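Take a moment to turn the model around before reading on.

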Amino acid sequence: MSKFKGRSVLLQVDVATVFTTIGQIRDIKGPSMSAEIVDVTTRDSTWKEELHIINDAGEVTFDTVFDPDLTSHSVAGTASPLNFFLNGTLKSYKITFADTAPAVTVTFSAYVSKFEANAPQMGAQSADITLRLTGAPTWA
């Protein structure tokens, strides 16, 4: 069984039809896909029965070492989740699992639903960011 490094995974955002890497990311989680499943068990059932209703693309969360001077972090940056949050901008994103052969990608549309700046006394300035996906992600 193969094992792959998480370090080589990239998160990029579409800027004028070019996917641009968001800088200084530490950890990436997601997409956290789920499905709405409802109970349809009746008195006639001998086992519990479920029905799939709809899929939810979920969220992608990541944290960065926050540097407001970077284009991908600044308030007005063209690749900045902070800019997208402040303006309610829907953007296209791509995660590339680069260590696999061939590389596996997932592309999706999302809004920035959370931007939380952190400034610990004994640590690096950082930001926790949540992308809320809309529609179906495309795995390739």
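## A pocket, a core and some rings

Strand β3 contributes the most to the lining of the largest pocket, giving 4 residues. Keep in mind that this is a predicted model. β3 covers residues 25–29, and β1 and β7 also supply at least two lining residues each. The pocket's volume comes to about 240 Å³. In total 14 residues line the pocket, and the ones closest to its centre are Gly6, Val9, Ile25, Arg26 and Ile28. What is the lining made of: how many nonpolar, polar and charged residues? It splits into 8 nonpolar, 3 polar and 3 charged.

In soluble globular proteins, nonpolar side chains tend to be buried together. Here the largest nonpolar core has 23 residues, and the members that touch the most others are Leu11, Val13, Tyr93, Ile95, Phe108, Ile129 and Leu131. Which elements give two or more residues to this core? They are β1 (10–15), β6 (59–65), α1 (81–87), β7 (91–97), β8 (104–118) and β9 (126–139). With 5 residues, β8 provides the largest share.

Setting aside residues up to four places away in sequence, Val13 touches Val18, Phe19, Thr20, Ile22, Ala79, Phe84, Lys91, Ser92 and Tyr93.

Next, the aromatic rings. A pair of rings is described by the distance of the centres and the angle of the planes. The count comes to 3 aromatic pairs, and here are two of them:

| Pair | Centre to centre | Angle between planes | Arrangement |
|---|---|---|---|
| Tyr93 and Phe108 | 5.7 Å | 15° | stacked |
| Phe97 and Trp139 | 6.3 Å | 15° | stacked |

Tyr93 sits in strand β7 and Phe108 in strand β8, 15 residues apart, and their pair links distant parts of the chain. Both Tyr93 and Phe108 are buried. Phe97 is in strand β7 while Trp139 is in strand β9, so this pair ties together parts of the chain that are 42 residues apart in sequence.

Thr20 lies in strand β2, which runs over residues 18–21. Its relative accessibility is 29%, so Thr20 counts as partly exposed. Beyond its neighbours within four places in sequence, Thr20 is in contact with Leu11, Gln12, Val13, Val15 and Ala79. How far apart are Thr20 and Asp63 in sequence and in space? The two are 43 residues apart in sequence, and their C-alpha atoms are 17 Å apart in space.

The other one, Thr96, belongs to strand β7. The cut-off for buried is under 20% relative accessible area, and Thr96 has a relative accessibility of 11%, so Thr96 counts as buried. Again leaving out neighbours within four places in sequence, Thr96 is in contact with Ser8, Val9, Leu10, Gln12, Ala103, Val104 and Thr105.

Conventions: Residues numbered from 1 in each chain as written. Predicted model: local features only at pLDDT ≥ 70, side-chain atom pairs only at ≥ 80, totals over all residues. Heavy atoms only, no water. Core = buried A, V, L, I, M, F, W, Y, C linked by side-chain atoms within 4.5 Å. Buried < 20%, exposed > 50% of the residue type's maximum accessible area, 1.4 Å probe, protein only. Contact = heavy atoms within 4.5 Å. Phe/Tyr/Trp six-rings, centres within 6.5 Å; stacked < 30°, edge-to-face > 60°. 1 Å grid on protein atoms, 1.4 Å probe; cavity = no way out; pocket = protein on both sides within 12 Å on 5 of 7 lines; lining within 4 Å. Points joined across faces, edges and corners; volume = space filled by probe spheres on them. Nonpolar A, V, L, I, M, F, W, Y, C, P; charged D, E, K, R; others polar.
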